[in-house]
Amino acid sequence: MKIYETEGFPNPLRVRIALAEKGATDKVVFVPVDVMGGEHRTSDFRAKNPDATVPVLELDDGTCIAQCNAITEYLDGVFDGPSLTGASPKERAVIAMMNIRAESGLMNAVGAYFHHATQGLGPDLETWQCPDWGNKQKEVAQSTMAYLNEVLAENEFLAGDRFTVADITAYAGLVFAEFAKVDIPGHLDHLLAWRARVAARPSITG
């Protein structure tokens, strides 16, 4: 199988961490996509993913799966190792809930700020911007950071006592936030400590 990605971008990072947690990084071929050069908007790439986003997982039979949550769901099911998406119905539901909160409130909010209220990827790619919307989403991101801090005051990880896809999404969101200069408020001690613990995991340190 292949993964089309732009290394260093936040969403491909999510998939790379998931693969490493499953011990399956060597089971896929990574195919670089030149986003800065607009390769993701070509007809060839859109045939794989009409959304024109990375990453995309292409299976050996030619099936293409986009969206990080869908890709992680597939990888979690086909490779051995601790489940990232949950085993029991209750566990799966709690993990999915926290993952959605981390994605919409942090990852996507930081993305909206970056693409709308900063230069983003540059004028050739950022063809429409709404700075007011972007700045509002920065507030959403920092509000979500405060919420996650409260969760982590009571739990070792975002969905309970073990590392899951929700932690992957939130960690990648914080990496993106640092790049976009959306600071974690210094008083969010639990979130900062969690980030340090996650950053030390072998799936991230390599």
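Which residues does Glu103 touch, not counting residues up to four places away in sequence? They are Arg14, Asn69, Asn108, Ala109 and Thr169, where contact means heavy atoms within 4.5 Å. This is a predicted model, in which local features need pLDDT of at least 70, side-chain atom pairs count only at pLDDT 80 or more, and totals for chains, interfaces and linings use all residues. Residues are numbered from 1 along each chain as its sequence is written, and side-chain values use heavy atoms, with hydrogens and water left out.

**Annotated regions**

- UniProt, in an unreviewed entry, lists residues 1–83 as "domain: GST N-terminal".
- UniProt positions are given in the numbering used here, feature names are shortened, and annotations may be inferred rather than shown by experiment.
- Residues 1–83 are 35% helix and 17% strand, with helices (H or I, at least four residues) and strands (E, at least two) taken as DSSP runs numbered from the N terminus.
- The end C-alpha atoms of residues 1–83 lie 20 Å apart.
- The unreviewed UniProt entry also lists "domain: GST C-terminal" for residues 88–206.
- Residues 88–206 are 70% helix and 0% strand, and their end C-alpha atoms are 30 Å apart.

**The sheet and its helices**

- Four strands form an open sheet in the order 2-1-3-4, with mixed pairing; two strands pair if DSSP finds at least two bridges between them.
- Strand 2 (29–32) and strand 4 (64–66) are at the edges with a single partner strand each, so one side of each has no neighbour in the sheet.
- On average, neighbouring strands of this sheet are turned by 25° against each other, direction ignored.
- Axes are lines fitted to C-alpha atoms, for helices over the stretch in contact, and angles run from 0 to 180 degrees between N-to-C directions.
- Strand 3 (residues 56–58) and strand 4 run antiparallel, joined by three bridges.
- Glu58 has Cys64 in strand 4 as its bridge partner.
- Helix 1 (residues 10–21) packs on the sheet and touches strand 1 (2–5) and strand 2. Its direction makes about 150° with that of strand 1.
- Helix 3 (residues 68–78) also packs on the sheet, touching strand 3 and strand 4. The direction of helix 3 makes about 125° with that of strand 4.

**Glu103**

- Glu103 sits in helix 4 (residues 89–117).
- Glu103 is buried, at 18% relative accessible area; buried means under 20%, exposed over 50%, partly exposed in between (1.4 Å probe, protein chains only).

**Helix 5**

- Helix 5 (residues 131–154) has 24 residues.
- From first C-alpha to last, helix 5 reaches 36 Å, close to the 34 Å expected at 1.5 Å a residue. That expected span is 1.5 Å times one less than the number of residues.
- Buried residues in helix 5 include Gly134, Ala141, Met145, Leu148 and Leu152.
- Their cover includes helix 4, helix 6 (165–179) and helix 7 (189–199).

**Asp167**

- Asp167 lies in helix 6 and is buried at 0% relative accessibility.
- Beyond four places in sequence, Asp167 contacts Phe157, Leu158, Arg162 and Trp194.
- The Asp167 side chain makes a polar contact of 3.0 Å with the Trp194 side chain.
- The Asp167 side chain also reaches the backbone nitrogen of Thr164 at 2.9 Å.

Definitions and conventions
A polar contact is a pair of N or O atoms within 3.5 Å; within protein, one must be able to donate a hydrogen and the other to accept it, and residues adjacent in sequence count only if both atoms are side-chain atoms.
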